[in-house]
Amino acid sequence: MDGMMGIVTYGIGTVLGFLLIGWLVFAIIHDVTQKKHTVLRNFPVIGRLRFFFEDLGEYFRQYFFAGDRDEMPFNRATRGWVYKEAKNDGGIIGFGSTNDLREPGTIIFVNHPYPVLEEDRLPTPSVLIGEDYCRHPFEAKSIVNISGMSFGAISAPAVRALSRGAAEAGCWMDTGEGGLSPHHLEGGCDIIMQIGTAKYGIRNPDGSFSAEKARELARSVKAFEIKLSQGAKPGKGGVLPGGKVTEEIARIRGIPMGEDSISPNRHHDIANVNDLLDRIAYIRDLTGRPVGVKTAIGGWEFVNELCEAVLRRGREYAPDFLAIDGGEGGSGAAPQTLMDHMALPIAEALPRVVDSLLQSDLRSRIRVVAAGKMVTSARAAWALCVGADFVNTARGFMFALGCIQALRCHQNTCPTGVTTHNKRLQRGLVVEEKYLRVANYCRNMNKEIDMIAHSCGCRHARELKREHVRIVQSADQSIALNMLYPYPVVGSREMAGAGEISRSSASGAAA
């Protein structure tokens, strides 16, 4: 018997050996004759190790070589903080911070010598959106909310967990441009319906805007958001590869199954600020719901023209909210050139928008939502200091769902089931567990924003002002935000900043 087993083992080994030799011969011939890769042509087989390690390099750096504060787009310290908040483990550390307080751009809050006592603290008030200007104003209770992530870009279990978690925490959930799905409605949370350039979920068969569907959607959503652009890819429409366009996604979007879902780079029916204000007023009158605008900012011109047009036509034409997306945004796939170099980061865009609203005396009319890597309570509190009413985050909630920053969002191979429609991979995302982490993350973010406010001497987070935060300019030198961005004169009609191009000085020029 032992002899028979030995013969079989020897036979298998021989076969495997011949197969290995055959593969090596084939690989050598292939590599030396192909013309695409110089390394393989000169170093057959061995040269393949170069491509293998190049593919694995980002993962090796993430887990073995990069420091806790070194990675992009989010370092290990930030991701670890979100994971702890989502698991309700508390953001408590020992022995000191690894955050370098000398790094330019670092946020430092101004602690009050006599912080607010617990008995003097007030609950952070909710804010009405669209009050006095639409039939059904939206009462938004949470400072931190879920930014637009389309069903299609993220999976059905991810949408379901976000919906249930948002309802548990009391925040809103933005549909993204992919339309409203049954998964969004599962949790019963407040929903903002985004109207993208392709008008998915709210369009006629020819792709035009459907008034009938808008009225129908108004029974399920709290507000509508016209998306002009997003921080990851201003000037470029969304792309969902045909492999991710399932039968369900195709039905919700109103497009053919299995074909690439490509959004136009802008709305065909919105070519200027007057078209935009007309569309806002039309949808608001049609649905009775608040209507806002989501956009990235490239300079002064857009918000200046918007404010000037509202002052000229009347406050009833104003958007009920502006969702300002920084150029560092990017939960979905986008061309690297646009993601790296297009649109202002939120640190510069947000003060510009708030200042223009103050100058035109429209700040109380138009609510402001800030987005762009707003995954921590410190970044969110900074946004409130600048003048935002709310903060949106997409990737923060993706981390709460279990995202490990594998950078495969566009490949349908997400190992955590967040951005894939592969059922086997989706199995790892257990909705009954993850929705609790979504809720924990949101609640803990709001709680820690309040904690920062109390330490600054404010009774609640909405009392935070620019003088409560400083920005590091160079090593051992910081400046108060109200000195870096002084408050403008409320109601002044000067829209252009020093050295900037505005419509009044150069019609049609880009700031």
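Student: How many helices and strands does the protein chain have?
Tutor: The model is predicted. Its 511 residues form one protein chain, and 50% of them are buried. The secondary structure of that chain comes to 17 helices and 15 strands.

Student: Among contacts between residues at least 6 apart in sequence, what percentage join residues at least 24 apart?
Tutor: Start with contacts in the protein chain between residues at least 6 apart in sequence. Then keep those joining residues at least 24 apart. The share is 69%.

Student: In what order do the 3 strands of the open sheet lie?
Tutor: The pairing in this sheet is antiparallel. Strand 1 (107-109) and strand 15 (477-480) are the edge strands, each pairing on one side only. From one strand to the next, the twist averages 40°. The order is 1-14-15.

Student: Which residue in strand 14 is the bridge partner of I107?
Tutor: Strand 1 and strand 14 (residues 469-474) run antiparallel. They are joined by 3 bridges. The partner of I107 in strand 14 is I471.

Student: Which helix packs on the sheet, touching strand 1 and strand 14?
Tutor: Look for a helix whose direction makes about 70° with that of strand 1. The one that packs there spans residues 377-386. That is helix 13.

Student: Are helix 12 and helix 13 roughly parallel or oblique to each other?
Tutor: The axes of helix 12 (residues 346-359) and helix 13 come within 9 Å and cross at roughly 25°. I346, A347, L350, P351 and V354 of helix 12 make the contact with R379, W382, A383 and V386 of helix 13. The crossing is right-handed. Angles under 35 degrees count as roughly parallel, so helix 12 and helix 13 are roughly parallel.

Student: Are helix 5 and helix 16 roughly parallel or oblique to each other?
Tutor: Helix 5 (residues 156-169) packs against helix 16 (residues 431-455) with axes 7 Å apart. Their angle is about 45°. The residues that meet include P157, R160 and A161 in helix 5 and V431, E432 and K434 in helix 16. The angle therefore makes helix 5 and helix 16 oblique.

Student: In which hand does helix 5 pass helix 16?
Tutor: Two helices pack here, at an angle of about 45°. The crossing of helix 5 and helix 16 is right-handed.

Student: Is V391 buried or exposed?
Tutor: V391 sits in strand 13 (residues 390-393). Beyond its neighbours within four places in sequence, V391 is in contact with I143, V144, N145, V369, A370, M374, A380 and A383. Its relative accessibility is 0%. V391 therefore counts as buried.

Student: How far apart in space are I249 and S150, C-alpha to C-alpha?
Tutor: I249 is in helix 8 (residues 247-253), and it is buried at a relative accessible area of 0%. In sequence, I249 and S150 are 99 residues apart. In space, C-alpha to C-alpha, they are 9.9 Å apart.

Student: Why does E177 count as buried?
Tutor: E177 lies in the loop between strand 5 (172-174) and helix 6 (182-185). Leaving aside neighbours within four places in sequence, its contacts include S150, Q194, K227 and S263. Buried means under 20% relative accessible area. E177 counts as buried because its relative accessibility is 9%.

Student: What is the phi of D132?
Tutor: Most residues other than glycine have a negative phi. D132 is in the loop between strand 2 (127-129) and strand 3 (138-140), and counts as exposed at 71% relative accessibility. D132 is not a glycine, yet its phi is positive, about 75°.

Student: Is D476 buried or exposed?
Tutor: D476 is in the loop between strand 14 and strand 15. Its phi is positive too, near 65°. The relative accessible area of D476 is 68%. The cut-off for exposed is over 50%, so D476 is exposed.

Methods. Residues numbered from 1 in each chain as written. Predicted model: local features only at pLDDT ≥ 70, side-chain atom pairs only at ≥ 80, totals over all residues. Heavy atoms only, no water. Pairing = 2+ DSSP bridges. Helix = DSSP H or I, 4+ residues; strand = E, 2+ residues; numbered from the N terminus. Axes fitted to C-alpha atoms, helices over the stretch in contact; angles between N-to-C directions. Contact = heavy atoms within 4.5 Å. Buried < 20%, exposed > 50% of the residue type's maximum accessible area, 1.4 Å probe, protein only. Parallel < 35°, antiparallel > 145°, perpendicular 65-115°, else oblique. Left-handed = near helix turned anticlockwise from the far one by under 90°.
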